[in-house]
There are 2 protein chains.
Amino acid sequence: MDTELLRQLATPNDTKILLCVVDGLGGLPDPETRKSELETAHTPNLDRLASDSVCGMTLPVGYGVTPGSGPGHIALFGYDPLKYEVGRGVLEALGIDFDLQGSDVAARGNFCTLDAAGNITDRRAGRIATEICIELCERMRKVKLAGVEVLVEPVREHRFVLVLRGEGLDDGLEQTDPEREGVPMLPVKAERPEARRTAELANEFVRQAGELISDHPQANGILLRGFAKYPNWPAMPEVTQMRAGAFAVYPMYRGLAKLVGMDVAPGGGTYESQLAAVRKAWDEFDFVFYHFKKADAAGEDGDFDAKVEALQEFDTLVPALRDLGADVMMVAGDHSTPAQLAAHSWHPVPFLLQSHLGTVDKVEAFTEEACRHGMLGIFPAKEALSLAMANAGRLMKFGA
Amino acid sequence: MDTELLRQLATPNDTKILLCVVDGLGGLPDPETRKSELETAHTPNLDRLASDSVCGMTLPVGYGVTPGSGPGHIALFGYDPLKYEVGRGVLEALGIDFDLQGSDVAARGNFCTLDAAGNITDRRAGRIATEICIELCERMRKVKLAGVEVLVEPVREHRFVLVLRGEGLDDGLEQTDPEREGVPMLPVKAERPEARRTAELANEFVRQAGELISDHPQANGILLRGFAKYPNWPAMPEVTQMRAGAFAVYPMYRGLAKLVGMDVAPGGGTYESQLAAVRKAWDEFDFVFYHFKKADAAGEDGDFDAKVEALQEFDTLVPALRDLGADVMMVAGDHSTPAQLAAHSWHPVPFLLQSHLGTVDKVEAFTEEACRHGMLGIFPAKEALSLAMANAGRLMKFGA
């Protein structure tokens, strides 16, 4: 349901909802064995949980849409990912735990290689080492712009974040990356009159930064894209009347949780230490988001066996996650990351929901094929929260 | 499809469509037997009909949304229940067969108990007996308001309907029920300037009514909510080019059918006598809505066995319903009412559609689990009418 209806129907009680996100959960059959990563993995705990749950497949954004981490998670937090878009600049800043402020404009930066004529010969500057990125970012911090603070943060390899901080900035800016080589970079253009000053400042940044790094043989230019401000969305705790807490090892996922107004526990550590943190804070929250990254990383590496292993590792965490005693527990993925594709994909993602109501379907394994036959069918990922809240008795009747 | 597209594609012919609504049809497995009410019931006629049909599950309003009777039926009549909302005051009036007129403003009333300080101590006045409700409503009919007629009708226990009748009334009014106890009732506030006069009249009603019942030990106050006018929706016969008739024992369902412009047969009697009325009027209609209430009532009572029995009773009506010879026959529910929850629920509802085209799927039982695997999958309830009309040859091709 949409955010406004959710706000209208939400009613508090003392139940607890646990959302476990296995990043990149879904996969595809190996062409040889015809078994997917989940079908290959030995996951007795997940299978037992599936037997005690209702199952289905989530469609993260839409048919054929391969989601980034942003929309994949935003949907599972109950927001329409097509309506609540996270700018690339903001996402890049979240990914390095950068504390974006309300009026900041953030952009994703790439170092690139320019030839003598100013044409781009490599849009990623030969993927320079992260240490070089750090050194060049330090140089670019010397840029001075009238009336705004300039913040430059390295990410890794050729990637960095640019943040302009000050009053009256507007993120209606076109990217400077022409997305092809052999042509010069584009100027920053304002998409609307209110953004003209910010466009001028960004162009001045590009000019000064270009001078500061011009002597580097590979990374002598920069490309900026995804200019964006931190969005001002309806906060999940306010919409749902649930105190929501996020537990994730990696900054990106804490950042996404913060975007929707969750309380965010300190990051880092291991999946076990994060789980211990959940256990400790259990009484403080009505809704807990627990993030497991490894399956996605292995999938993106195209490493089928590593993904199988990652899923098995998650399986060993399941008994302790169940022991938390949530009234409603979900295991979901933000998107599929089939090892076969070595990338995120558009495929629907296995999903299970275990409820204190005891409702179950006939699914007895947590795989793509088994969940496909579950009671929930294929449904939009943004509805998972509505289903969980309904099962938790946290939604009032609609209409009389 | 939406109402405008339906209007555009609808074309008349001489086919007949029968919609049988089994109120509260869907259920949940009993935790012991792991069988739902439908799986437990012996329903040979429904199962045979399912074998001769295509099956699926309707989603009444949306994922996680528990519908009231209003939206549940409105959807099966082909209207988007999120767009066509029935006000609570109107629904309460429909439920007692009150003949609402175009400019009336209706409100649902509750008697409540107020303490000496004017704080609410019981929002339902201890659920006073219906006879007391009738007597107190008679007292409140003495209220005189300038320029409008005051109509007060008892419903049952602590519930009544207030109708203000006159020119220039507006239903943009906030409820007086604070939805908690220990605080005073709220004044009626206008949500827009046009509603100010109506707000004043409603407040004056509350004041005078309060004086008239002030000596009652339990029911010495009233709470009003769901101020609403009779909506002016596109009429189903006009949109679909079908003469539509409604047959229901209980007033609420006749009222909902009237809201969408159906011809409504007299109520009361038994399911058999209503069926006889359908048979008699068969030539007069292209679309017939037949309502069976008992399954919902048993579900709301939390009585699994009674619901099983109600379903079996409906099953005995199926041969006669089939014998009517509709070109398209549907068996649907307005929502699920699992005995386990003793309430309406958000769960998708079994659905079957038998067509003169003879199209069938592999489903051979009319249960949640079986219909889940039917050809129609899980689909929005508001699309059932479109499917029926398509099967009846009553929809033209879209585009060339």
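Predicted model: local features only at pLDDT ≥ 70, side-chain atom pairs only at ≥ 80, totals over all residues.
Local features need pLDDT of at least 70, side-chain atom pairs count only at pLDDT 80 or more, and totals for chains, interfaces and linings use all residues. Residues are numbered from 1 along each chain as its sequence is written, chains are lettered from A in the order in which they are written, and side-chain values use heavy atoms, without hydrogens and water.

**View 1. Chain B laid on chain A.** A turn of 125° and a shift of 0.4 Å along the axis place chain B on chain A with an RMSD of 0.1 Å. The two copies are thus related as by a three-fold rotation axis. They use different surfaces: 11% of the contact residues of chain B recur in chain A. The superposition is by least squares on C-alpha atoms of residues with pLDDT of at least 70 in both copies.

**View 2. The interface of chain B and chain A.** In contact (heavy atoms within 4.5 Å) are 28 residues of chain B and 28 residues of chain A. The two chains bury about 2,200 Å² between them, 63% of it on carbon and sulfur atoms. Buried area is the accessible area (1.4 Å probe) lost on being put together, summed over both parts.

**View 3. Three residues of chain B at the interface.** Tyr63(B), Trp346(B) and Arg372(B) supply 29% of the area that chain B buries against chain A.

View 4. The rule finds zero salt bridges between chain B and chain A. It asks for a side-chain nitrogen of Lys or Arg within 4 Å of a carboxyl oxygen of Asp or Glu.
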